[in-house]
Amino acid sequence: MSQKSILEIKDLVLNLGEKRILDHLSLEIWPGHIHAVVGPNGAGKSTLANTIMGLKGYLDFDGDILFTKKTVKEFSVDERARQGITMAWQEPARYEGLTVRSFIRAGADDKSEQNCRHALELVGLDPKTYLSRAVDRTLSGGERKRIELASILTMEPKLVLMDEPDSGIDVEALEKIFDAIQYLKNKGTTILLITHSTTVLEKADHAFLICCGQLIEKGSVDKIMQYFGQKCIPCDHKNEPKTE
Amino acid sequence: MNRDQLINALYESIGEACVTDPGIAHIEIHANKVLGVHLVEGLEIEADELKDGIRATLVVKKNTKIDQPVRICFGLMQKTGIQKIDMNIRLEENARVAIMASCTFPNAEEIVHTMDADIDIGKNAEYIYLERHVHGTEGGINVVPKAKIHLHEGAKFRTDFELIKGRCGKIDIDYEADCERNSYLDMVARISGRADDRILINERATLRGDGAHGVLRTSIAVRDRAKAEIKNTLVATAPNARGHVDCKEVVQGEAIANAIPIVEVHHPKAHVTHEASIGSVDSKQLETLMSRGLSEDEATDLIIEGLLSPEGQPF
């Protein structure tokens, strides 16, 4: 393992049912950078994020996940979070009755009102309008995505897994999300973007290309962008994972 | 404890200060003693002490609009006892009042608290009644609130029953409402049960007047070995009556919940809907909060707190 790695995925093999979703996948994430995992639909990108976070249904795998040089394989989601890993979902959860204030405070180190307000402002939402609202169906998916990101900002994690940060987001809101990602980076947080969007990929410092659960290529964003655009997007590969 | 100490203890147990604002009407009742009464213009309260409780009549006079919510604090500070409350509430035509009632039994080990209310809401009158219970951690309490409510033409009635703090013990709610033309009824119950608590709710409303509206909503969380049985019935017999029944129950551990929303429509121009959900806490909700470092129990508590909060049941 490189001295520089904050996260190392070692020969990860994960099956869901009869299907192999991650197939001997290995990669290293360096601290303080924005990394992107790109690949077509069904490549295993979200599965990778879910497995790193330790979500239910993604715990039974071969290989290992090392975070700050220690295995987190046996850790629950909250134990991983307390180590410094967190995640932003492609479609954030809704909570009836739970206010934005309570949601943001839940994971915050600094639970002050000022900190909650600051986090909302960073994602472009007016605290006066949002703090007392519930994180429920009255908020759009884009609003919930930004509120979720605000909660991550107050948590000050070491590593953020962001699954499809642009999904369901308008152009203006996406800029605010990119600003918040940059803010996290400036604070020393490592970001792993899960995406199939070249717009999101452009924001990364470094990228990995995966397909059928395997690492196809890694390197600079330009290199991966070229490969992705020229070989993946036109590819008629059906991304059907191997059957055991 | 003397009278003032008891009043202080009642308010302290619900985490609030005694009411001192002369513009706010209030009444404090401990066991079968009326400790304090302060009225405002247009509001009349008469109370008689009974052997195990009190009988009270509350009247809001015609055209009286009481701006500040009236505070009522009921309770028993001791561990055992009985408190029976017979309430006769009458809002005359065009009257308006909101009552914030707190029922506090912080040390309950073997307590029975019953409430028999007869509520008559006059033509175009508006009555809001928020009842919050604060119980101890032992669960030795039996709460039996019963109410018969009559809404005259154009009347509005909104009630919100909250029992979230402490063990609910055994609670048996039985409310019946009768709604005349163009009246509006909204009844909400939010209750959390744990250990071997028992929750029984039986609410019935009849929308018998043209254009009457009614909503019956319950949000219940049961954990451990607690049990909940909810039966909400909405009957519409008039044209343009509109109603909805909504039961939400979250079940954890070995708890058991059942919900029966019943809708009956006796007129082709009436429309009543219902919705019931019983389930555990959603895994995405849970994992999102756990990914912020909350333990599973902490995350569950926060999700249930939200579900049972007033924000989860906006009027």
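Axes here are lines fitted to C-alpha atoms, for helices over the stretch in contact, and angles run from 0 to 180 degrees between N-to-C directions. Helices (H or I, at least four residues) and strands (E, at least two) are DSSP runs, numbered from the N terminus.

The model is predicted: local features need pLDDT of at least 70, side-chain atom pairs count only at pLDDT 80 or more, and totals for chains, interfaces and linings use all residues. Residues are numbered from 1 along each chain as its sequence is written, chains are lettered from A and ligands numbered from 1 in the order in which they are written, and side-chain values use heavy atoms, with hydrogens and water left out.

**Helix pairs**

| Helix pair | Axes come within | Crossing angle |
|---|---|---|
| α4 (residues 113-122) and α6 (residues 141-155) of chain A | 8 Å | roughly 130 degrees |
| α2 (residues 283-290) and α3 (residues 296-307) of chain B | 9 Å | roughly 120 degrees |

Angles under 35 degrees count as roughly parallel, over 145 as roughly antiparallel, 65 to 115 as roughly perpendicular and the rest as oblique. α4(A) and α6(A) are therefore oblique to each other, and α2(B) is likewise oblique to α3(B). A crossing is left-handed if the near helix is turned anticlockwise from the far one by less than a right angle, and right-handed if clockwise. The crossing of α4(A) and α6(A) is right-handed, and that of α2(B) and α3(B) is right-handed.

Contact means heavy atoms within 4.5 Å. From α4(A), the residues in contact are A:Asn115, A:Ala119, A:Leu120 and A:Leu122, and from α6(A) they are A:Ile147, A:Ala150, A:Leu153 and A:Thr154. Ala, Val, Leu, Ile, Met, Phe, Trp, Tyr, Cys and Pro count as nonpolar, Asp, Glu, Lys and Arg as charged, and the others, Gly among them, as polar. On that basis the contact of α4(A) with α6(A) holds 6 nonpolar, 2 polar and no charged residues.

In chain B, α2(B) contributes B:Gln285, B:Leu286, B:Leu289 and B:Met290, while α3(B) contributes B:Glu296, B:Ala299, B:Thr300, B:Leu302 and B:Ile303. These residues divide into 6 nonpolar, 2 polar and 1 charged.

**Sheets**

Two strands pair if DSSP finds at least two bridges between them. Chain A has an open sheet of 6 strands in the order β6-β7-β8-β3-β9-β10, with mixed pairing. Its edges are β6 (85-88) and β10 (214-219), each with a single partner strand, so one side of each lacks a neighbour in the sheet. The twist from one strand to the next averages 20 degrees. Helix α1 (residues 45-53) of chain A packs on this sheet, touching β3 (34-38), β6, β7 (159-163), β8 (190-195) and β9, and its direction makes about 145 degrees with that of β6(A). Strand β9 (residues 206-211) of chain A runs antiparallel to β10(A) and is joined to it by 5 bridges; A:Ile210 stands opposite A:Leu215 in β10(A).

In chain B, 9 strands form an open sheet with mixed pairing, in the order β3-β4-β6-β8-β10-β12-β14-β16-β18. β3 (43-49) and β18 (256-265) of chain B stand at the edges with a single partner strand each, so one side of each has no neighbour in the sheet. Neighbouring strands are turned against each other by 5 degrees on average, direction ignored. Within this chain, β12 (residues 170-179) and β14 (residues 198-207) pair in the parallel sense over 10 bridges, and B:Ile171 stands opposite B:Ile199 in β14(B).

**Interface**

28 residues of chain A are in contact with 20 residues of chain B. Buried area is the accessible area (1.4 Å probe) that two parts lose on being put together, summed over both. Chain A and chain B bury about 2000 Å² between them, with 59% of it on carbon and sulfur atoms. On the chain A side, A:Trp89, A:Tyr95 and A:Glu96 lose the most area to chain B, together 27% of what that side buries.
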